[in-house]
Amino acid sequence: MCHLHGFHPWCHGAEFQINGIAGKSFSKTYHLPQRGKEGTTKEVITCHVHEAKFMDCNWTVRKIPRDIHYRFFYSQAGRKVVDKECPQYKTDSKGRNVGCHFDNISGFNYFLEHHFLVNGTSNGTEIQCNDAYISLNDIEILTPPNININCRHFSCYMHWNMPKSIQLSENSFQLEIQKNSEKSFRLITNMTKERNFVFKKVAGKYTVKIRTKNIVGGNWSEWSKPQEFGYEDPESNPLTFVLLSFLGIAFIMLFIMGYLCKRYHMIHKIFPPVPHIRDQLNDNFHKYIQVVWEENKILPEQCKIEEIQVIEKKANYPKN
């Protein structure tokens, strides 16, 4: 007797050959027929694990016959034949089962292969089923991590967290950095285990996105949502360049004016200007002439005589 474990998909049949000796050698072949009536296409099963706790399985739907009712079965214990039915079916617009969703996969052994099977009936007749043995580690699709970016001076520091996974091994990461104004500039960096990256940037706006996968194998995750970082390149924006030039010129002019004002203030403080001395004698003299002229109505000819007399008395004229 030989006990066979469930490692061989049996929906499509199998052949077993027994060889032995009973006085002479002999050989016997046994054929296990396929299960169900063969259809036009096969129900290919695809499953994937995501967010470390959910699993979704889907299968192709035959076009003929159109009234097929599908059912999905699985084994929760590793290396066993199917013994449980789908806990939550996904249906299409015609109400047919086209997939199965698992809210919790904690009961599965992630390191062993599990048996998945889908079959169907049409008008009460069973059609050919399809099955596969799949390890959950091989079908996990990781969620891309979120990137935190901090830019200072002439470099940008990027950091991300390790995504949730059912696997215990480390992850590989791939960064893609592209300059917005130059589509030809595209930097792809592959890293193992690291969760940070320093980008020595130049002026300009950039976008970055990241994806990840398990280091021992598996599929790449989807790319994360692109994030923008950096500063606008003045050369690519004429208005910005003109504005920066104007501000630079204004700053230089203010600096020069401030310097000159400060210098003038120092000179004025060291060499104060001489105050204007009022000539009270001449001022009073002219006022006196005007008063005499108006009060006595002196003629111009007489003014000369009077002026001579006043000049003679000028020396004795009071100061106030």
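Guide: In this predicted model, a cavity is a set of grid points where a 1.4 Å probe fits but cannot get out, and its lining residues have an atom within 4 Å of a point.

Visitor: Which residues line the largest cavity?

Guide: The lining consists of Asn137, Glu140, Leu142, Gln167, Lys213, Asn214, Gly217, Gly218 and Asn219, and the volume they surround is about 40 Å³. These lining residues divide into one nonpolar, six polar and two charged, with Gly counted among the polar ones.

Visitor: What makes Cys47 and Cys57 a disulfide?

Guide: Their sulfur atoms lie 2.1 Å apart, and the cut-off is within 2.5 Å, so the pair qualifies as a disulfide. The torsion about the S-S bond is about 115°, so this disulfide is called right-handed. Because Cys47 lies in strand β3 and Cys57 in strand β4, the pair ties together parts that are 10 residues apart in sequence.

Visitor: How do you know that Cys151 and Cys156 form a disulfide?

Guide: The sulfur atoms of Cys151 and Cys156 are 2.0 Å apart, and a disulfide requires them to be within 2.5 Å; the torsion about their S-S bond is about 105°, so this disulfide too is right-handed.

Visitor: Why is Cys151 called buried, and why is Cys2 called exposed?

Guide: Buried means under 20% relative accessible area and exposed means over 50%. Cys151 has a relative accessible area of 18%, so Cys151 counts as buried, whereas Cys2, at 62% relative accessibility, counts as exposed. Cys156 is buried as well, with a relative accessible area of 0%.

Terms used
Residues numbered from 1 in each chain as written. Predicted model: local features only at pLDDT ≥ 70, side-chain atom pairs only at ≥ 80, totals over all residues. Heavy atoms only, no water. 1 Å grid on protein atoms, 1.4 Å probe; cavity = no way out; pocket = protein on both sides within 12 Å on 5 of 7 lines; lining within 4 Å. Points joined across faces, edges and corners; volume = space filled by probe spheres on them. Helix = DSSP H or I, 4+ residues; strand = E, 2+ residues; numbered from the N terminus. Buried < 20%, exposed > 50% of the residue type's maximum accessible area, 1.4 Å probe, protein only.
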